[in-house]
Amino acid sequence: MKNIIVLFFLSISLFANAQNKVSSFKSGEWLKFRMHYGFLNASYATLQVKNSTINNKPVYHVIGHGETTGFASMFFKVDDTYESYFDKKDGKPYRFIRKIDEGGYKKNVEINFDYKKDKAVLNDKKNKKKLNFDLQDSIQDLISAFYYLRNNYNSSDIKEGDEVKLKMLFDDDGVFDFKLRYIGKEVLKTKYGKVECLKFRPYVKSGRIFKEQESLSLWVSNDDNRIPIRIKADLAVGSIKADLDGYNGLKHQFKILMD
């Protein structure tokens, strides 16, 4: 149960990499997702974009929050918050914050990116330790990656079977290489109507959590917003699904297909 929310934030950050001249989001955007674990309405997650400053530099400040609800919270209570501060022009992350409480397992981590020194400093506040990592080209954090790719993406350039790689600094394990494959277009029925989506399949490590390496699927709206519509994962025990459940402040019109 504790993996549901972190899998959601990980999934949204992985979907493609190309050039796109149309900005896909703006300050004030708010997205809400409802997650199900089997028959349980297990949790929800939100993403909100705000304006802020880092060292007197205007940046976007995105807050992602997820928690278990209702019957599911009686079995395992989760309350997670992820924050990212990143450049408004090129999407470079400046600060990443992860505060989680998953059934008593807690983390309080802050990562600051110093591009003058080509270093990232991870401050593990709970365990009172700091780690240094060398910065790599186009590195992103868990949240900034999602918004960077939304603004650097063009569906006309991608073909079925194409694979994309992305470097990410997430936690004290250091820099990770993520890879995903484009499956094709698919129309999903949602609470808002039918939505044409681009389907992707991130590669994950099979074993304790996932059944297979390709157990995770992500559907992204095929419009200028490029927002997640659905995420599904087959786990070693059961399955989870997250659906877009609410939105506000989109920069572009949400494209709903007419029957």
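Modeller: A residue is called buried when its relative accessible area is under 20%, exposed when that area is over 50%, and partly exposed in between, with a 1.4 Å probe and protein chains only. This is a predicted model, in which local features need pLDDT of at least 70 and side-chain atom pairs count only at pLDDT 80 or more, while totals for chains, interfaces and linings use all residues. Residues are numbered from 1 along each chain as its sequence is written, and side-chain values use heavy atoms, with hydrogens and water left out.

Colleague: Why does K191 count as exposed?

Modeller: K191 has a relative accessibility of 56%, and because exposed means over 50%, the word applies.

Colleague: What makes the contact of D245 and K191 a salt bridge?

Modeller: A salt bridge needs a side-chain nitrogen of Lys or Arg within 4 Å of a carboxyl oxygen of Asp or Glu, and the side chains of D245 and K191 meet at 3.5 Å, N to O, so the pair qualifies. D245 belongs to strand β14 (residues 239-248) and K191 to the loop between β10 (174-190) and β11 (193-202), 54 residues apart, where strands are DSSP runs of E, at least two residues, numbered from the N terminus. D245, at 23% relative accessibility, counts as partly exposed.

Colleague: What makes up the lining of the second largest pocket, by residue class?

Modeller: The lining divides into five nonpolar, two polar and five charged residues, where Ala, Val, Leu, Ile, Met, Phe, Trp, Tyr, Cys and Pro count as nonpolar, Asp, Glu, Lys and Arg as charged, and the others, Gly among them, as polar. Among the lining residues are K57 and R95, and the largest share, three residues, comes from β6. A pocket here is an open set of points on a 1 Å grid over the protein atoms alone, where a 1.4 Å probe fits, with protein on both sides within 12 Å along at least five of seven lines, and lining residues have an atom within 4 Å of a point.

How values were computed. Helix = DSSP H or I, 4+ residues; strand = E, 2+ residues; numbered from the N terminus.
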